[in-house]
Amino acid sequence: MRAALLAPIGAFLFPAKVSGGGTQQPYRGHPLLLWAIAGLGFSALGWVAGGFVGSWAPRTACAVGATAIALGLLNRQPRAALVGAVSAAIVSLAAVQIGKSFFSPLLAWPVAALVIGVVGAFAFRRRRARITFIVAAPFLGSVGVVAGMLAIFLIARGLNDSRVAAQIMLGGAVGFGLLLMVGAGVAGRWLDAARVAGEVL
Amino acid sequence: MSTSSVSKPLDRRGFLRLGAGALATALAAFKWGRSLTTRAWKSTPPNPFVAAGKPLLVVVEGEDMSAMLRAGIEALGGLDPLAKLGREVMFRGNYVMSQPYPVTTAPEFVLAVAAELKRASMNKTSLFDSSGTRLGAAIQPEHMLRRLGVLDKLTQGGVPVLARDFSDPDEFVFVQNPAWPIAKPVAVAHLLHEAPIIVSLPVVKRHEWVNFTCALKMHFGSVAMADRMLVHTKDADGRSGLMHQRLVHFADAVRPQLNVVDARAILARSGPGMGGGAEVVQGVNKLILSGDMVAVDAYCARLMAQHDETFTLDMVAPQLRHAAALGLGKADLDAVKVVEIRA
């Protein structure tokens, strides 16, 4: 009974790769937890490190750049990591500037997520994984930022502590990195599995 | 996406990368931790405006604002006690929404006070405000001040405006007074925390949730949005008493040396903005000057009670009692030397 309940969770966290012969092999990529921790840690580190340079703009640029680096490193593509980080940082800086006079500098998050999605998509072998990740990245980035901010606000409200509430944008950055990286990990496991016989890449 | 995972011993390049990563993490953690450190709350010299051991409160009645100010400062004994603390003065006004005086502090009043301070050889005056964030195009910190004409008038009048982002943690420092019953720090603007002299320029208004706003409540604008948001969400209607207590702690974190209240007109019946039945009472024609912000609020609450039959002194009693208990000033006007003059 217990095994039957845990089986779907196990299949999700540790999916099997289908080989060309139709047999299944254990998935050998990084554990999903590592994607989550890397996204969370790198984006938080980037956000705090950006504070050495200035306020929202450098913080956002460093957080999205660090997330791109985490994605590239976990994909074992250091050059893609560098390209992704630099392009995401530049685009986010531009988006912050535009956002100052139009709507909000928070626009930088989905825009940077799209850039990371495009650069990160090259790590996938299958077209469906690439397209899904490019389309999903801005959505995941935006939802991550909002969910992270909301989580920090609720924790701060529960603790009635402004030290926690003051970190609301750090929460947004962490949510961005977490969801984007988990999205990449899940896309890699579910959509980028090795080709099944007869399936078009 | 690569699916192979081979563990290798750490080579020199790997070691250097790991070291750089660890160093970056340590530096970031240090900076973050330092920004969260709670400092001792501001220790300020005792009220410089006292007479025979009692805090002095000067009430000037008249029509000409500049003449009233000059007479009030003279009755206060001059501004020399302030000049001894430094030459730079930071003003705090009440800018809660884009509505003119008496909802917000009039720019002409700020300039008139700045002129009097200059006469007392305090050459550098600036106005601090934090009523917006750079995270929204329509709510930039300067936005409201620009709409009110405060930004242009003060800048042209030689009083720079320091508008700061209320959401930016780098703009605030956490301070805590061990005497506060709520053992949580408050994020106060570091410009105010470090300013040698603060002159507060309140207006007299009713407030929907805490009934009254003047010298104490206006310091909601001196703390980070994080604090304002927590108080507003945990005590949305002011009934639990948290807002009454916390507004006193916010004022305690600032502790201005001088309060100059512009009560030429007051906002009665409702507030802190127009609408909701709020009514501007013109012709009050008073300026109130004191170094004791609790005494200022006690006096101005009486002023409000005279002009607003829906207001009673009981409504402001909790915050005045708490402020007096924390040593911010005297809530009992019998313990204050009140000087009433005409100019």
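Angles between axes under 35 degrees count as roughly parallel, over 145 as roughly antiparallel, 65 to 115 as roughly perpendicular and the rest as oblique. This is a predicted model, in which local features need pLDDT of at least 70 and side-chain atom pairs count only at pLDDT 80 or more, while totals for chains, interfaces and linings use all residues. Residues are numbered from 1 along each chain as its sequence is written, chains are lettered from A and ligands numbered from 1 in the order in which they are written, and side-chain values use heavy atoms, with hydrogens and water left out.

Within chain A, helix α3 (residues 56–74) packs against helix α8 (residues 168–190) at an angle of about 25°, their axes being 10 Å apart; α3(A) and α8(A) are therefore roughly parallel to each other. Here axes are lines fitted to C-alpha atoms, for helices over the stretch in contact, and angles run from 0 to 180 degrees between N-to-C directions, while helices (H or I, at least four residues) are DSSP runs, numbered from the N terminus. The contact (heavy atoms within 4.5 Å) includes A:Trp56, A:Ala63 and A:Leu74 from α3(A), and A:Met169, A:Phe176 and A:Gly177 from α8(A).

Between the chains, the contact takes 44 residues from chain A and 36 residues from chain B. The buried area, meaning the accessible area (1.4 Å probe) that two parts lose on being put together, summed over both, is about 3,400 Å² for chain A and chain B, with carbon and sulfur atoms giving 61% of it. Of the area that chain A buries against chain B, A:Trp56, A:Asn160 and A:Arg163 supply 20%, more than any other three residues.

A:Asn160 lies in the loop between α6 (127–159) and α7 (162–165) of chain A, and, not counting residues up to four places away in sequence, A:Asn160 touches B:Ile182, B:Lys184, B:Leu230 and B:Lys234.

The rule for a salt bridge (a side-chain nitrogen of Lys or Arg within 4 Å of a carboxyl oxygen of Asp or Glu) finds two across the interface of chain A and chain B. B:Asp170 forms a salt bridge with A:Arg59, where the closest N and O atoms are 3.0 Å apart.

How values were computed:
Helices (H or I, at least four residues) and strands (E, at least two) are DSSP runs, numbered from the N terminus.
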